[in-house]
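Some questions and answers on a two-chain structure follow.

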Amino acid sequence: METVFVDAERCIGCLQCEYACAVEHSRSRDPAWAFMEDPPPRKRIHVEVGPTPASSFPNRCRHCDPAPCQLVCPTAAIARDQRHDVVLIDEVRCIACAMCAIVCPFDALTYHLAVDGGRPHTVALKCDGCIDRVRAGRVPACVESCKVGALVYGELNDLVRQGRRRETLTVLSAAAVRPTATPGIGTVDNWRSLSAAAAEVGRAGGAR
Amino acid sequence: MKSLQSDDFRDRSIQADAQQMLRVARDAGIETVWDRLAAQLPQCGYCAMGVSCRNCAMGPCRVDPFGEGPQKGVCGADADVIVARNLGRSIAAGASAHSDHGRDILEVFAETARGQTSGYRIADEAKLRRLAAELGIAVDDRPTEEVARDVADELLESFGTRRDEVSFVARAPEPRRQLWKRLSITPRGIDRENVEMLHRTHMGVDNDYANILLHGLRTSLSDGWGGSMIATELSDILFGTPTPVTSQVNLGVLKGDQVNIALHGHNPLLSDVIVEAARDPELMALARAKGAAGINLVGLCCTGNELLMRKGVPMAGNHLMQELIIMTGALEAMVVDYQCIMPSVTDVAKCYHTRVISTADKAKFPGATHIPFDPHHGLEIGKQIVRQAIEAFPNRNPERVRIPDAPVSMMAGFSVEAILAALGGTPEPLVAAIRDGSVRGAVGVVGCNNPKIAQDYGHVTLTRRLIENDILVLVTGCAAVANGKAGQMMPEAAEMAGPGLRAVCQALGIPPVLHMGSCVDNTRILVLAAALATHLGVDIQQLPLAGAAPEWYSEKAVAIGAYVVASGITTVLGVQPPIFGSRNVVNLLADGLDGVVGARFAVEPDPEKAALLIRRHIETKRRALGLPFLEVPSTVTGTPAPVTA
């Protein structure tokens, strides 16, 4: 099963995935023209800030199986594409009742005017796994736009294994077996910790 | 009037007046700078770390700070070059802002010397003559205007390209000047260094990050010992050299029964004549005819500091108060010149009767009334502006007036001349106090507000910890306003200081925190440091001094930090600059620079920790000078009693 995996430690909050996602779901699919469209194209990935200003997480539909949204959809507008293992919404059938948003464990749905799909009406929007791109042998737009490796695409078990390897190296390096710090990670950690400290100063002011 | 509570918003500001207005903002649904910061989160990490580059159309590019994605921009620039380019351009923007301000003052000074302006005169002739003599201009028996013309011509040359060094470089101690020469960072011309920085950071010019940063120091020096210093000195000559003056601070300086006019921005040229215009009997009569008891001028930001220093005009607040002051519902006009004026003020003003009046042709605000400043008709324009404010008074809705707390007293006006006068005409008493350890050293706490730090928490806490430990604090800009509001700037505040500093302050009748002016007036701190170093026969870097910008936000602050460090004073920043994407740049600025210019940068958001860091630094300098020194703990012990505003 191929999917988009999130390495939250690496997200630096640049929002480039949001931008690329909106362009990918525009009619023109051209970054120079997409924002002239009416209704404007909408992102389906959402980077929210974490507990400190320099922490963030790119949130999107996880394409659950079974998918709670699919189970509750009263018009059967939500279906699974078995081949690519993604949950898709049929905008023509969607009645924007918000049941899918209510049950979604990740709050990944938004409601906007449909860009295409018959008469203009508000529909539920969410990640479609960039199924058109994947069919064409390309990675999803958010993954392509992410230059820090916070969003990666691949076989789920392979991605988990990569994480496990990193974790193993960290554990062993903590035991002083070997150093593992990747180049540059120190500066990012420094940036994050100073940002967290600055946020703490705000709270400290408030604690008085 | 509805009573105001302030049990909320303490994570946004430590100041009661700000908290009260934030409540008004929330109730009225008015957006503020804090709301907009929240809406921006998370802010782009590439930009926050300085590794994004928009300098050319092969880009935009960014470097993966984790070391695995792209490590070079399209041109081949790595993180070091990109970070250095961006920092260099920030310094140039900040230095340009100060220096253009200085040029504006200089041009009016030059025209005044030729008798071509209205509302301006040489207010401090003695300073003019001192300055002329310093610049090598003949003064004996020459008419004032002639001397002024020569001073203007000499300083105009500092902006150009025909000199080897800007005029005021000569004020730096000899060893410092020699160091700058060896490093090839002596500023040659104010405009020149800024233009050269833009050139160097164009693609394919300076590809050596250290070389870019060295020029960054030279660019900043062209501000500190050039543009800003010219602004300070000529403002003193045109409007008077500050002497100690007591005034009041916080939003409580607004008056419920008067026409309130806030003067906001940085340049004293127009605001000074507005002070004159507001005294006009005809306009005062008009105000009374409109139902007001009088005309009340208040300052905001550094225009406010310029007026507070020289005229004792009450200070309404610093950077983060500019939206909140409108929400008092009692402000008839906000007169703005330039720098740090949020584009949002006109939006907030739309919710009230407040007129925003822009005055600089280089700084226009959609939604504002533009009344262009013209030195040939200074007073006339000043009156026109005051009239606009008076005419807005009947539109005030008394139901919406919310003026917070009673104001706090603060002392200002500590020019170098005033400090030396307080010391009896020579730096010796201060030097003696530093030598025997009753005063450990001095720290310039300067810079802006930044909504990333609870407003004024950094300034007020750091300052208090320093004075408690017998360190004299010199303040300018937003930091001065913060400390004034916290009651730390009256002679009585000597009680808050450690025993050594307290005794010195009480003997001299001065506060432990001295207001030295606006942000261009940080040059007064340079002049004082140079005077102390020369008096002792050492370089500035050897003195027990430090700088701090606990809540900085602006490019001007980047230029100030750079010129302070390049002048030999180690500086602690409270907000991290966008450099952390390059380990080499961080290492150079935070460490390597010490071996180059004898000072370095540190970043420490927590003012309690910053105070320890600075105290350790000062004691290290004392030890090296052979003066008595103390061991300072390296970590904060226990929970320090909070500093209340």
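This is a predicted model, in which local features need pLDDT of at least 70 and side-chain atom pairs count only at pLDDT 80 or more, while totals for chains, interfaces and linings use all residues. Residues are numbered from 1 along each chain as its sequence is written, and chains are lettered from A and ligands numbered from 1 in the order in which they are written.

Q: Against which elements of chain B do the buried residues of α6(B) pack?
A: Helices here are DSSP runs of H or I with at least four residues, strands runs of E with at least two, numbered from the N terminus. Buried means 20 or more other C-beta atoms within 10 Å of the residue's own, exposed 12 or fewer, partly exposed in between, with C-beta atoms placed from the backbone. In α6(B), the buried residues are B:V147, B:A148, B:V151, B:A152, B:L155 and B:S158. They pack against α4 (79-113), α5 (125-134), α8 (190-200) and α9 (209-239) of chain B.

Q: Which element gives the largest share of the side of chain A that touches chain B?
A: Two residues are in contact if their C-beta atoms, placed from the backbone, lie within 7 Å. By that criterion, 33 residues of chain A are in contact with 35 residues of chain B. Elements giving two or more residues to chain A's side are β2 (46-49) and α7 (185-207). The largest share, 16 residues, comes from α7(A).

Q: Is A:A76 buried or exposed?
A: A:A76 has a positive phi, near 55°, and is not a glycine. Its place is in the loop between α2 and β4 (78-81) of chain A. Because A:A76 has 9 C-beta neighbours inside 10 Å, it counts as exposed.
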